[in-house]
Amino acid sequence: MTIIAEFSIEYLQCLDKNANLVGDLPSFAKDNAQLINLYELMVLNRTFDTKAINLQRTGKMGTYASTLGQEAVFVGIGHAMKKTDVLVPYYRDYGALLQRGATMKQILQYWGGDERGSDYEECREDFPLCVPIATQFLHATGVATAMKYRKQKRAVVATGGEGASSEGDFYEALNVAGQWQLPVVFVINNNQWAISVARQSQTGCQTIAQKAIAGGMPGIQVDGNDVIAMRDCVNQALQAARTGKGPTLIEAVTYRLCDHTTADDASRYVPKEDLDKAWQEEPIKRLQTYLETEKLWDKNKEDALIKQCQQQVSQAVEDYLNIEPQAVSAMFDYMYETLPKSLQQQRGLADL
Amino acid sequence: MAEITLVEAVTQALAYEMQRDENVILLGEDIGLNGGVFRATDGLYKKFGADRVMDTPLAESMLAGLAIGMAAQGLKPVVEFQFMGFIYPAVDQLVNHAARMRNRTRGRLTCPMVARAPFGGGIHAPEHHSESTEAMFAHIPGLKVIIPSSPARAYGLLLAAMRDPDPVIFLEPKRIYRIVKQNVPDDGKALPLEQCFVLREGSDITLISWGASMHETLQAATQLEQQGVSAEVIDVASIKPLDMDTILNSVAKTGRAVIIHEAARSNGVGAEITSVINESGLLSLLAPVQRVTGYDTVMPYMKLEKHYIPSVEKIVNSAISTLEFA
């Protein structure tokens with residue numbers, strides 16, 4: 001017997017769980033302003049997330065999927081993307097979407113049950129939050145196919161959870177992306193839980209990243225609580241994609257510090273000791289510690305940031321609560337470009 | 001001008017539109033050099049190249065998902081599903097995304113794609129190759145479902161489907177892919193999508209059908225004529241949205257209707273048409289609307305399929321019993 005192929009999966013980390021620098025900083029991170037920007041974005045994300053849960057709990061919004069503990073994954077993605085790239089997000093991905101130009105108001109509007117929340121004003125080509133698991137990966141390959149057909153130097157990022165990596169659509173997307181060498185980056189937010197199904201019950205694979213091998217592309221595992229590594233990893237994958245070097249699968253290892261959604265109660269199945277341990281490794285505290293060690297951050301700056309984030313979020317909430325309701329007829333008006341006659345009749349009978 | 005078959009009319013429409021619009025891209029399994037298992041894309045790979053006639057890996061959900069992404073970027077993907085029996089892995093994508101993209105983004109992203117699939121029985125195909133499940137898609141808000149029944153309508157309706165700004169399921173009755181030939185000028189003229197076609201005018205009864213069963217329905221109308229019955233024959237063609245005006249006008253004239261479809265009987269499109277006739281045309285009815293359909297059975301394999309597919313005899317008998325009702 002001979003070995004005809006061998007593969008390896010690399011792990012990327014810049015800051016370890018104690019915020020110690022491991023190896024060299026990537027070049028972007030040598031610019032302190034970039035690091036501070038990443039930190040501010042994560043704090044804004046968490047402030048927004050806390051408020052969104054509160055809005056649901058007080059009956060002012062519908063079910064909401066929290067992103068607590070996973071801010072580095074999505075903030076890192078958004079930070080690495082260019083405006084001309086396209087984001088195909090899943091339902092927990094606010095950190096990237098907000099940097100793309102979607103607003104907090106619109107994300108609240110979406111979870112508040114108003115379709116206009118997905119009519120992003122700035123990132124017109126980005127997809128809306130995707131709920132049916134893993135279906136978005138195929139949309140990303142389609143967008144990437146269009147980019148390749150038009151010989152454009154841009155790329156697509158699609159996100160999903162590790163549960164999504166069990167779906168057929170995920171494998172189908174990897175397969176075609178690898179075969180056609182499409183300009184797409186798949187990011188799996190491995191937050192250890194698919195609602196109540198733990199990572200170790202999801203797949204017999206040692207890593208999610210190695211699923212890339214079957215698709216014919218590189219797979220890399222990154223510390224998803226390390227926003228520096230996360231941002232660097234996505235940036236490199238995007239650059240490869242934009243320059244014709246094909247797709248990448250990134251597995252970002254993190255921990256869901258929240259319930260699956262506001263309709264879930266994770267205390268029914270998440271072991272408390274695991275959760276306590278995960279809190280010790282969470283991304284915001286980690287970068288904050290590093291910034292403080294480097295004398296780039298202090299309590300005054302922190303207080304000012306918190307205040308500023310709270311003001312921004314409060315404004316978004318106020319804007320959300322003051323949105324004019326949609327006309328009832330809106331349910332008909334976007335079904336087709338031209339409303340068929342039978343639907344015109346139903347529209348006429350609806351309670352408008 | 002040479003006469004062409006229905007499948008050749010499909011090829012002609014695809015070629016015309018690809019020539020006219022470089023955003024039109026074909027996707028499917030075996031559609032490239034092989035020209036598709038029914039040869040619907042014959043010659044297009046050589047003419048337009050691999051970038052526009054894309055042989056894909058074998059995965060149907062992928063086909064639909066790719067098309068949705070491409071369509072969101074302003075391309076016009078035309079997907080060939082090799083047989084309707086293999087479209088089901090793509091249902092999630094078609095129902096959850098293609099049909100909803102315009103609505104859920106309030107028009108920001110749209111899904112101008114066409115999903116073509118040969119469907120129906122009668123060609124002695126293996127298991128899973130002969131079903132008629134158009135009603136499944138016709139039930140889904142946001143989709144359009146189109147079924148041609150002649151070379152000319154295949155050409156004109158497929159052009160219209162490709163030019164439509166919304167997703168269209170275009171089902172091709174493979175039993176009649178090659179049994180009728182017509183002169184079909186390659187003039188690029190599309191037919192309207194939300195419209196029935198009156199194939200034959202009559203005054204005593206309305207026969208309503210679509211797809212391959214149009215063939216038997218027209219034969220039944222000829223036999224009825226020999227018995228002194230004047231049958232009006234309607235090709236529904238647009239299963240969704242339905243053109244009920246044409247059907248109701250016909251029933252108002254004849255007072256009697258028989259609906260013929262190869263698909264299983266329960267919850268079929270015939271039930272919807274009957275229901276609208278009852279809602280809006282009851283007082284013009286002289287007899288209950290009858291249906292001649294496939295059975296609520298699994299589509300039989302080839303040895304029994306002829307007993308499943310509505311026959312000329314069953315259509316004639318149904319029409320006679322409708323005419324004899326009081």
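**Where chain A meets chain B**

In this predicted model, two salt bridges are counted between chain A and chain B. One of them pairs Glu115(A) with Arg106(B), and here the closest N and O atoms sit 3.1 Å apart.

Which parts of chain A touch chain B? Sorted by kind, the chain A residues that touch chain B split into 20 nonpolar, 10 polar and 13 charged.

Now for the overall tally. The contact draws on 43 residues from chain A and 46 residues from chain B. The size of an interface is often given as the accessible area lost when the parts come together. For chain A and chain B, that buried area is about 3600 Å², with 57% of it on carbon and sulfur atoms. On the chain A side, three tyrosines lose the most area to chain B: Tyr149(A), Tyr334(A) and Tyr336(A), which together make up 20% of what that side buries.

Finally, a look at how chain A itself is divided. Its domain assignment gives domain 1 (10-321) and domain 2 (328-352). The C-alpha centres of these two domains of chain A are 37 Å apart.

Note on methods:
Residues numbered from 1 in each chain as written. Chains lettered and ligands numbered in written order. Predicted model: local features only at pLDDT ≥ 70, side-chain atom pairs only at ≥ 80, totals over all residues. Heavy atoms only, no water. Contact = heavy atoms within 4.5 Å. Buried area = accessible area lost by both parts, 1.4 Å probe. Salt bridge = Lys/Arg side-chain N within 4 Å of Asp/Glu carboxyl O. Nonpolar A, V, L, I, M, F, W, Y, C, P; charged D, E, K, R; others polar. Domains from an automatic or database assignment.
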